[in-house]
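Student: I have a model open and want to learn how to read it. Can we go through it feature by feature?

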Amino acid sequence: MAISDIKQSIKEHYGKIAATSGSCCGPNCGCSSESDKDVLSVMMSDEYTNVDEQIVAAADLGLGCGTPTAFADLKPGMTVLDLGSGAGIDVFIAAKAVAPTGKAIGIDMTDEMLKRARANKIKLGISNAEFWKGEIENMPVESGTIDRIISNCVINLTPDKRKVLSEMYRVLKPGGKFTVSDIVSIGDIPNDIRRNAELWAGCIAGALDKEEFLRITRDAGFNNLMISAEKPYHLEGNTSFGLASITLTATK
Ligand SMILES: C[S@@+](CC[C@H](N)C(=O)[O-])C[C@H]1O[C@@H](n2cnc3c(N)ncnc32)[C@H](O)[C@@H]1O
(Lines give C-alpha, C1' and ligand atoms only; values in the text may rest on other atoms or scores of the structure.)
Protein backbone atom coordinates (compact mmCIF):
# COMPACT_ATOMS: atom_id res chain seq x y z
CA MET A 1 0.00 0.00 0.00
CA ALA A 2 1.45 3.38 -1.03
CA ILE A 3 2.09 6.03 1.65
CA SER A 4 -0.25 8.42 -0.20
CA ASP A 5 -3.07 5.82 0.01
CA ILE A 6 -2.59 5.41 3.77
CA LYS A 7 -2.63 9.19 4.27
CA GLN A 8 -5.73 9.63 2.11
CA SER A 9 -7.58 6.90 3.98
CA ILE A 10 -6.64 8.50 7.34
CA LYS A 11 -7.83 11.93 6.19
CA GLU A 12 -11.15 10.50 5.01
CA HIS A 13 -11.62 8.49 8.21
CA TYR A 14 -10.95 11.41 10.58
CA GLY A 15 -12.63 13.95 8.31
CA LYS A 16 -15.83 11.95 8.58
CA ILE A 17 -15.52 11.67 12.36
CA ALA A 18 -14.91 15.43 12.69
CA ALA A 19 -17.91 16.25 10.57
CA THR A 20 -20.35 13.83 12.17
CA SER A 21 -19.25 12.71 15.64
CA GLY A 22 -20.53 14.01 18.93
CA SER A 23 -18.31 13.79 21.99
CA CYS A 24 -17.87 10.17 22.95
CA CYS A 25 -15.91 8.37 25.65
CA GLY A 26 -15.59 4.83 26.90
CA PRO A 27 -15.08 1.33 25.58
CA ASN A 28 -15.40 0.86 21.81
CA CYS A 29 -15.23 4.57 21.18
CA GLY A 30 -11.52 5.03 20.65
CA CYS A 31 -9.82 5.44 17.34
CA SER A 32 -11.23 2.12 16.13
CA SER A 33 -13.92 2.26 13.46
CA GLU A 34 -16.98 0.00 13.24
CA SER A 35 -15.04 -2.46 11.11
CA ASP A 36 -12.23 -2.78 13.65
CA LYS A 37 -14.47 -3.93 16.42
CA ASP A 38 -14.20 -7.58 15.53
CA VAL A 39 -10.43 -7.22 16.02
CA LEU A 40 -10.39 -5.05 19.11
CA SER A 41 -12.97 -5.96 21.69
CA VAL A 42 -12.07 -3.14 24.04
CA MET A 43 -10.53 0.10 22.90
CA MET A 44 -9.26 2.24 25.69
CA SER A 45 -10.16 5.87 25.94
CA ASP A 46 -8.70 7.18 29.18
CA GLU A 47 -10.92 9.39 31.27
CA TYR A 48 -9.79 12.96 31.68
CA THR A 49 -9.75 13.81 35.38
CA ASN A 50 -9.40 17.28 36.92
CA VAL A 51 -10.13 18.83 33.56
CA ASP A 52 -12.68 21.57 32.82
CA GLU A 53 -15.88 19.69 31.89
CA GLN A 54 -16.70 22.17 29.14
CA ILE A 55 -13.42 21.34 27.40
CA VAL A 56 -14.09 17.61 27.60
CA ALA A 57 -17.69 17.99 26.39
CA ALA A 58 -16.66 20.10 23.38
CA ALA A 59 -13.37 18.60 22.30
CA ASP A 60 -13.06 14.97 23.43
CA LEU A 61 -14.20 12.83 20.51
CA GLY A 62 -12.96 9.68 22.26
CA LEU A 63 -10.03 9.34 19.84
CA GLY A 64 -7.17 9.31 22.33
CA CYS A 65 -5.40 6.42 24.02
CA GLY A 66 -4.02 8.11 27.12
CA THR A 67 -3.76 11.48 28.84
CA PRO A 68 -0.34 12.90 27.87
CA THR A 69 -0.99 16.31 29.43
CA ALA A 70 -1.14 14.63 32.86
CA PHE A 71 2.52 13.55 32.56
CA ALA A 72 4.00 16.40 30.50
CA ASP A 73 5.16 18.65 33.36
CA LEU A 74 3.48 21.73 31.84
CA LYS A 75 4.25 25.10 33.43
CA PRO A 76 3.10 28.68 32.82
CA GLY A 77 5.02 30.37 30.03
CA MET A 78 5.81 27.23 28.03
CA THR A 79 5.15 26.73 24.32
CA VAL A 80 3.48 23.36 23.75
CA LEU A 81 2.99 21.55 20.45
CA ASP A 82 0.34 18.82 20.06
CA LEU A 83 0.87 16.45 17.12
CA GLY A 84 -2.39 15.38 15.46
CA SER A 85 -4.57 17.62 17.59
CA GLY A 86 -8.00 16.45 16.35
CA ALA A 87 -10.83 18.49 17.88
CA GLY A 88 -8.31 20.08 20.28
CA ILE A 89 -8.84 18.36 23.66
CA ASP A 90 -5.17 18.20 24.67
CA VAL A 91 -4.36 21.61 23.15
CA PHE A 92 -7.02 23.27 25.32
CA ILE A 93 -5.86 21.46 28.47
CA ALA A 94 -2.25 22.46 27.73
CA ALA A 95 -3.22 26.07 26.89
CA LYS A 96 -4.83 26.44 30.32
CA ALA A 97 -1.79 24.92 32.05
CA VAL A 98 0.72 27.28 30.39
CA ALA A 99 -1.42 30.46 30.61
CA PRO A 100 -1.20 33.39 30.85
CA THR A 101 2.13 33.81 29.05
CA GLY A 102 2.51 30.46 27.30
CA LYS A 103 0.63 28.99 24.37
CA ALA A 104 -0.40 25.64 22.89
CA ILE A 105 -0.33 24.88 19.17
CA GLY A 106 -2.05 21.90 17.55
CA ILE A 107 -1.00 20.52 14.17
CA ASP A 108 -3.34 18.39 12.09
CA MET A 109 -3.51 17.46 8.40
CA THR A 110 -7.30 16.97 8.21
CA ASP A 111 -9.28 20.08 7.24
CA GLU A 112 -12.50 19.01 8.97
CA MET A 113 -10.63 18.42 12.27
CA LEU A 114 -8.99 21.85 12.04
CA LYS A 115 -12.38 23.44 11.41
CA ARG A 116 -13.86 21.68 14.42
CA ALA A 117 -10.90 22.59 16.67
CA ARG A 118 -11.04 26.26 15.63
CA ALA A 119 -14.79 26.36 16.29
CA ASN A 120 -14.14 24.83 19.73
CA LYS A 121 -11.51 27.49 20.47
CA ILE A 122 -14.09 30.23 19.86
CA LYS A 123 -16.78 28.39 21.81
CA LEU A 124 -14.46 27.84 24.80
CA GLY A 125 -12.87 31.31 24.60
CA ILE A 126 -9.30 30.00 24.94
CA SER A 127 -7.16 32.66 23.29
CA ASN A 128 -3.71 31.08 23.75
CA ALA A 129 -4.57 28.00 21.62
CA GLU A 130 -3.73 27.85 17.91
CA PHE A 131 -4.38 25.23 15.23
CA TRP A 132 -2.04 24.94 12.25
CA LYS A 133 -2.46 22.79 9.17
CA GLY A 134 0.44 20.42 8.52
CA GLU A 135 1.84 16.92 8.48
CA ILE A 136 3.82 15.85 11.49
CA GLU A 137 6.47 14.27 9.24
CA ASN A 138 7.27 17.77 7.97
CA MET A 139 6.16 20.26 10.59
CA PRO A 140 5.54 23.93 9.79
CA VAL A 141 7.43 24.85 12.97
CA GLU A 142 10.73 26.70 13.47
CA SER A 143 13.62 24.66 14.87
CA GLY A 144 14.34 24.84 18.62
CA THR A 145 11.21 26.78 19.59
CA ILE A 146 9.10 24.25 21.53
CA ASP A 147 9.30 23.45 25.28
CA ARG A 148 6.97 20.43 25.30
CA ILE A 149 5.56 18.17 22.62
CA ILE A 150 2.45 16.14 23.39
CA SER A 151 0.56 13.71 21.17
CA ASN A 152 -2.36 11.36 21.67
CA CYS A 153 -2.84 8.29 19.48
CA VAL A 154 -1.35 9.73 16.29
CA ILE A 155 2.21 8.52 15.67
CA ASN A 156 0.94 4.97 15.06
CA LEU A 157 -0.97 6.41 12.08
CA THR A 158 2.16 7.70 10.35
CA PRO A 159 3.94 5.53 7.79
CA ASP A 160 7.39 7.09 8.51
CA LYS A 161 7.86 7.15 12.28
CA ARG A 162 11.60 7.87 12.13
CA LYS A 163 10.84 11.07 10.20
CA VAL A 164 8.28 12.11 12.84
CA LEU A 165 10.80 11.56 15.66
CA SER A 166 13.53 13.49 13.85
CA GLU A 167 11.09 16.38 13.33
CA MET A 168 10.18 16.26 17.02
CA TYR A 169 13.88 16.47 17.89
CA ARG A 170 14.38 19.38 15.48
CA VAL A 171 11.57 21.59 16.84
CA LEU A 172 12.24 21.03 20.56
CA LYS A 173 14.50 23.41 22.50
CA PRO A 174 17.58 21.76 24.06
CA GLY A 175 16.30 20.15 27.29
CA GLY A 176 12.74 20.13 25.92
CA LYS A 177 10.60 17.01 26.37
CA PHE A 178 7.93 15.06 24.62
CA THR A 179 5.13 13.07 26.26
CA VAL A 180 3.29 10.85 23.82
CA SER A 181 0.43 8.40 24.40
CA ASP A 182 0.26 5.90 21.58
CA ILE A 183 -0.53 2.37 20.50
CA VAL A 184 2.34 -0.10 20.18
CA SER A 185 2.36 -3.77 19.33
CA ILE A 186 3.87 -6.49 21.43
CA GLY A 187 5.44 -8.59 18.69
CA ASP A 188 5.35 -7.88 14.98
CA ILE A 189 2.09 -7.22 13.15
CA PRO A 190 1.64 -9.58 10.17
CA ASN A 191 1.80 -8.14 6.64
CA ASP A 192 -1.84 -8.85 5.75
CA ILE A 193 -2.90 -6.58 8.64
CA ARG A 194 -0.22 -3.98 7.78
CA ARG A 195 -1.68 -3.70 4.26
CA ASN A 196 -5.25 -3.02 5.45
CA ALA A 197 -6.02 0.71 5.07
CA GLU A 198 -9.05 0.56 7.38
CA LEU A 199 -6.93 -0.97 10.13
CA TRP A 200 -4.28 1.76 9.65
CA ALA A 201 -6.89 4.45 10.17
CA GLY A 202 -8.20 2.48 13.16
CA CYS A 203 -4.81 2.71 14.99
CA ILE A 204 -3.99 -0.98 14.64
CA ALA A 205 -2.04 -1.74 11.45
CA GLY A 206 0.49 1.07 11.88
CA ALA A 207 1.44 0.27 15.47
CA LEU A 208 5.16 -0.33 15.85
CA ASP A 209 6.58 -3.00 18.13
CA LYS A 210 7.15 -1.42 21.56
CA GLU A 211 10.89 -2.20 21.70
CA GLU A 212 11.34 -0.87 18.15
CA PHE A 213 9.51 2.33 19.11
CA LEU A 214 11.89 2.84 22.05
CA ARG A 215 14.88 2.05 19.79
CA ILE A 216 13.97 4.61 17.11
CA THR A 217 13.29 7.19 19.83
CA ARG A 218 16.86 6.75 21.12
CA ASP A 219 18.21 6.71 17.54
CA ALA A 220 16.57 10.12 16.96
CA GLY A 221 18.76 11.47 19.81
CA PHE A 222 16.35 11.42 22.77
CA ASN A 223 17.45 10.54 26.33
CA ASN A 224 15.85 9.72 29.69
CA LEU A 225 13.07 7.59 28.22
CA MET A 226 10.34 6.86 30.76
CA ILE A 227 7.05 5.00 30.34
CA SER A 228 4.58 6.50 32.80
CA ALA A 229 1.46 4.52 31.82
CA GLU A 230 0.91 1.25 29.99
CA LYS A 231 -2.33 -0.58 29.27
CA PRO A 232 -2.81 -3.76 27.23
CA TYR A 233 -5.75 -4.10 24.86
CA HIS A 234 -7.71 -7.26 24.67
CA LEU A 235 -7.69 -8.58 21.11
CA GLU A 236 -10.50 -10.83 19.87
CA GLY A 237 -9.46 -14.27 18.66
CA ASN A 238 -5.99 -15.72 18.34
CA THR A 239 -3.48 -13.20 17.10
CA SER A 240 0.29 -13.58 16.91
CA PHE A 241 0.76 -10.12 18.43
CA GLY A 242 -0.61 -7.97 21.24
CA LEU A 243 -1.44 -4.28 21.41
CA ALA A 244 -0.91 -1.84 24.25
CA SER A 245 -1.15 1.86 24.82
CA ILE A 246 1.91 3.48 26.37
CA THR A 247 2.62 7.01 27.55
CA LEU A 248 6.28 7.75 26.90
CA THR A 249 8.31 10.79 27.95
CA ALA A 250 11.81 11.57 26.63
CA THR A 251 14.19 14.53 26.69
CA LYS A 252 16.20 16.28 23.94
C1 LIG B 1 -6.81 9.23 16.52
S2 LIG B 1 -7.04 10.94 16.15
C3 LIG B 1 -6.46 11.69 17.65
C4 LIG B 1 -6.91 13.11 17.82
C5 LIG B 1 -6.50 13.79 19.13
N6 LIG B 1 -5.09 13.65 19.38
C7 LIG B 1 -7.31 13.24 20.28
O8 LIG B 1 -6.73 12.60 21.18
O9 LIG B 1 -8.52 13.45 20.29
C10 LIG B 1 -5.71 11.23 15.01
C11 LIG B 1 -5.59 12.66 14.48
O12 LIG B 1 -4.30 12.81 13.89
C13 LIG B 1 -4.40 13.42 12.62
N14 LIG B 1 -3.27 12.90 11.81
C15 LIG B 1 -3.04 11.61 11.47
N16 LIG B 1 -1.88 11.50 10.80
C17 LIG B 1 -1.35 12.75 10.71
C18 LIG B 1 -0.17 13.29 10.13
N19 LIG B 1 0.72 12.50 9.51
N20 LIG B 1 0.05 14.61 10.23
C21 LIG B 1 -0.86 15.42 10.87
N22 LIG B 1 -2.01 14.97 11.43
C23 LIG B 1 -2.25 13.65 11.36
C24 LIG B 1 -5.77 13.03 12.12
O25 LIG B 1 -6.25 13.95 11.17
C26 LIG B 1 -6.60 13.03 13.40
O27 LIG B 1 -7.15 14.29 13.68
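**Reading helix 5 and its surroundings**

Tutor: Start with helix 5, residues 161-171: its buried residues are Lys161, Val164, Leu165, Glu167, Met168 and Val171. Seen down the axis of helix 5, these buried residues fall within an arc of 160°, so they line one face of the helix. The arc is that of the directions from the helix axis to the C-beta atoms. This is a predicted model: local features need pLDDT of at least 70, side-chain atom pairs count only at pLDDT 80 or more, and totals for chains, interfaces and linings use all residues. Residues are numbered from 1 along each chain as its sequence is written.

Student: What makes a residue buried or exposed?

Tutor: Count other C-beta atoms, placed from the backbone, within 10 Å of the residue's own: 20 or more is buried, 12 or fewer is exposed, and in between is partly exposed. In this protein, buried residues make up 48% of the 252 residues.

Student: How many helices and strands are there?

Tutor: Both are DSSP runs, numbered from the N terminus: helices are H or I with at least four residues, strands are E with at least two. Here there are 8 helices and 8 strands.

Student: What do the buried residues of helix 5 pack against?

Tutor: Look for contacts, meaning two residues whose C-beta atoms, placed from the backbone, lie within 7 Å. The buried residues of helix 5 pack against strand 1 (79-83), strand 4 (146-152), strand 5 (172-186), strand 6 (208-209) and helix 8 (210-219).

Student: Why is strand 1 largely enclosed by the rest of the structure?

Tutor: 5 of the 5 residues of strand 1 are buried, so the strand is largely enclosed. Both faces are covered: Thr79, Leu81 and Leu83 lie on one side, Val80 and Asp82 on the other.

Student: Which strands pair with strand 1?

Tutor: Strands pair if DSSP finds at least two bridges between them. Strand 1 runs parallel to strand 2, with 5 bridges. Valine 80 has alanine 104 of strand 2 as its bridge partner. Strand 1 also pairs with strand 4 in the parallel sense, over 4 bridges. There, leucine 81 is partnered by isoleucine 149.

Student: Which residues come nearest the ligand?

Tutor: A residue is near a molecule if its C-beta atom, placed from the backbone, lies within 6 Å of it. Of the 23 residues around the ligand, Gly64, Gly84, Gly86, Thr110 and Asn152 come nearest. Helix 1 (3-20) and strand 2 (103-108) are the elements that give two or more residues to this shell.
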